[in-house]
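Reader: I would like to learn how to read a few features of a protein model. Can you take me through them one by one?

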Amino acid sequence: MWPSVFAVGALLSLLAWADAGPLPHTPKVASIFSDLTPAELQAVRDFLVSRPELGLQPGQGESLAKNSLFLVELLAPKKSQALRFLDAGGHPPQAPGSSRGALWCWGHTEHHRIRARPMSQQEYDLLYGRLATLLAPLREFLQDVSGFGLEDCGERCLAATEVSPRGLAPGERRTWLILQRFVEGYFLHPVGLEVLVDHSKLDPQRWTVQKLWYNGQYYDSPEELAERYKQREVTVVRLPPHPEHSLFSTFVPRGHFAAGPPTNVQGAKVCEPHGHRYSVRGNLLEYSGWSLAFRLRSSTGMQLFDVRFNGERVAYEVSVQEAIAFYGGNSPATMQTKYIDVGWGMGSTTHELAPGVDCPEVATFLDAYHYYDADGPMHYPRAICIFELPTGVPTRRHFDNNFNGGSHFYAGLEGHALVLRTTSTVYNYDYIWDFLFYPNGVLEAKVHATGYVHASFYTPEGIRYGTRLQANLLGNIHTHLVHYKVDLDIAGAGNSFETMDVALENISLPWTADQWLVQPRLERKSYLQERQATFPMGRPLPRYFLFNSPSQKNRWGHQRSYRIQLNSHADRVLPRNWKEEKGITWSRYHLAVTQHHENEDTSSSLYTQNNPWEPTVNFENFVRNNENLENQDLVAWVTVGFLHIPHSEDIPNTSTPGNVVGFYLRPFNFFDEDPSVASRRTIIVRPGEPGTKEGVQIQRWTPSSPDPCITGEPFSYNGTYGQV
């Protein structure tokens, strides 16, 4: 028997509402999408452990030859059942608390899927322990080149970063490991040795070293490298002493700014003079017209459900699906590195957010609970934060110039957005996942990339694949791609898809036929089948992607629509159908539109990382059947990303400015006017009446002075200008 996914139903129950008709957003309604509580996670575990036929054992210990429970996470309700409950007041989905557990079962140990399982902490521990034994012949060599070791090393131990996929074909479990000094920021301290270990057998004593690479040269065994080192046939690069030359990888401040006041005081802060202007009740979030349910899925990350504005559903689901980083390099580990992050538990690595740094101090912090690679539920404090953010730019404004030293009026609306944030620390990289909600009906999804670059030992040949960042450090080129699922319900579940752009036309002027004019005109294109509605990487994109309701129009006769607007520099990472590309076929497209199907829940899988050649989920199958897209329940699959060529300023860490991609959901004729007119955070200033002493008339709907935490001075505005 191979790794299986078991559905465990009827763990929770919800009461049905007696009244028919659409249900208002309440915590009780939103709870059909909520995460499992620690008690419920434990109940799933206890239920499975009690089944003797499964023979489950704890995940830790010295033996891999056992059945164990690796993952428990919530299965979202089927959309059809959820909508009957949400919109028609029917019964709740039959098993709203259903969950799935990933069980590693070893009855047939040679099956490819068992080899494709994610690494567990137990396997990491066994691998590192076995590595120390396998590299025992190199103890003297490692001490000479690095001053660090693998055994009896105190505070001078070596770490090992492993890369994936673990092999070159299905069924392999062979991993390249990069040896590094274990200091703060050890990712930036490779010692020059990379080791290929075959750990496909269940018995760690049968694991072997198949190849080594040191400073540009390959060796067949540790003994060969040790002997050639002894014979002085190895070009040795001795690392500078630690800690004198290790500070560069730390966050410890150093140097000084040449201008500006000192920075040893607190900087600007977010202030809430009247408390939270949003509401969080359970997993129900409400703000300035927006209401939605959210959850943190352990495998993939943040999911939004039943996203409504002013009571109307805009999207049934908006969620993170996958993140990848594909590298190039001269060393074997970096040329093999193709990280597919769901296979590393991307959704479960939601470590604590720091008030004042990761989120404002005034934010609402929420804990998360995951059952991932553990023998019970794990508590992640402050894994989610929610806060209102002053954008620093008005949502709308206008100075109506009178061209005579003043204005007819000035008006502006304060810029604010609500931020729902979590992070994923996937080994060296930190992803900051944001969903922003604006009062004009715009939803933004974006991700910042920060953390440490994935680096290798510098050799002159490696400069073709990256940038020299320190004397012995090469930052390797790579491309980040992120995949989102956007299940849109624009004025109902039946939607159609079209694009809009402009073309230039050359016409004669109606009032003087002998003169010609070039001007833009609209071009619209409807997409009737799924294959038509795929937009491959490397080709020009239309600038407006529109999802509309064929049956509903706004007051001005336009089909009510929402637009997807990309903020991305994504490009393909591998040729089509090339080996590992089969596992990430979603990366072929900036955007692909499909019919909604319950069995197309996710575009990736936790097995894809270590068997991308035969993926359990192949996104290309979602569009291959070329289904109809007219007046259907549509899903948009969005890919965003960027190329990262490391540079000196990536030391010590990649910074967030400029390393952000995402997309907007923007209303396009969905409303009759900008819905942010409902906000009372508007200020209008008009000149006083001529002949009176009154300077200006200020009209506002909020208190005149925010609070001493902002400024003690009341709002003032003159609106005049003139010659000095």
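Predicted model: local features only at pLDDT ≥ 70, side-chain atom pairs only at ≥ 80, totals over all residues.

Reader: What is a cavity here, and how is its volume defined?

Author: Rolling a probe the size of a water molecule over the atoms shows where empty space is left. On a 1 Å grid over the protein atoms alone, a cavity is a set of points where a 1.4 Å probe fits but cannot get out. Grid points are joined across faces, edges and corners, and the volume is the space filled by probe spheres set on the points.

Reader: How many cavities of 30 Å³ or more does the structure hold?

Author: The structure holds 5 of them.

Reader: Which residues line the second largest cavity?

Author: A lining residue has an atom within 4 Å of a point. Here the lining is Ala325, Tyr327, Tyr339, Asp341, Trp344, Val426, Tyr427, Asn428, Tyr429 and Tyr431. By class, the lining has 8 nonpolar, 1 polar and 1 charged residues. Ala, Val, Leu, Ile, Met, Phe, Trp, Tyr, Cys and Pro count as nonpolar, Asp, Glu, Lys and Arg as charged, and the others, Gly among them, as polar.

Reader: Now disulfides. How many does a search of the whole structure find?

Author: A disulfide is a covalent bond between the sulfur atoms of two cysteines. The search takes pairs of cysteine sulfur atoms within 2.5 Å. It finds 2. One joins Cys153 to Cys157, with S to S 1.9 Å. This link is right-handed, with 95° about the S-S bond. The other joins Cys359 to Cys385, with S to S 2.1 Å. That link is left-handed, with -80° about the S-S bond. It ties distant parts of the chain, 26 residues apart: Cys359 lies in the loop between β14 (338-340) and β15 (364-372), and Cys385 in strand β16 (residues 378-390).

Reader: Are Cys153 and Cys157 buried or exposed?

Author: Buried means under 20% relative accessible area, exposed over 50%, and partly exposed in between (1.4 Å probe, protein chains only). Both Cys153 and Cys157 are buried. Cys359 and Cys385 are both buried too.

Reader: And strands? What is the order in the open sheet of 4 strands?

Author: Strands of a sheet pair through backbone hydrogen bonds, either parallel or antiparallel. Strands are DSSP runs (E, at least two residues), numbered from the N terminus. Two strands pair if DSSP finds at least two bridges between them. The order here is β17-β18-β34-β35, with antiparallel pairing. The edge strands, β17 (396-401) and β35 (696-700), each pair on one side only. β17 and β18 (residues 407-413) pair over 6 bridges. Within that pairing, Asn401 has Ser407 as its bridge partner.

Reader: How many residues lie between the strands in the hairpin of β9 and β10?

Author: This hairpin has 2 residues between the strands, and Gly282 takes a positive phi near 65°. Strand β9 (residues 279-281) runs antiparallel to β10 (residues 284-287), with 3 bridges. In β10, Leu284 is the bridge partner of Arg281. Next, 4 bridges join β10 to the antiparallel strand β11 (residues 290-297). Glu286 stands opposite Ser291 in β11. The hairpin of β10 and β11 has 2 residues between the strands, and Ser288 takes a positive phi near 40°.

How values were computed:
Residues numbered from 1 in each chain as written. Heavy atoms only, no water. 1 Å grid on protein atoms, 1.4 Å probe; cavity = no way out; pocket = protein on both sides within 12 Å on 5 of 7 lines; lining within 4 Å.
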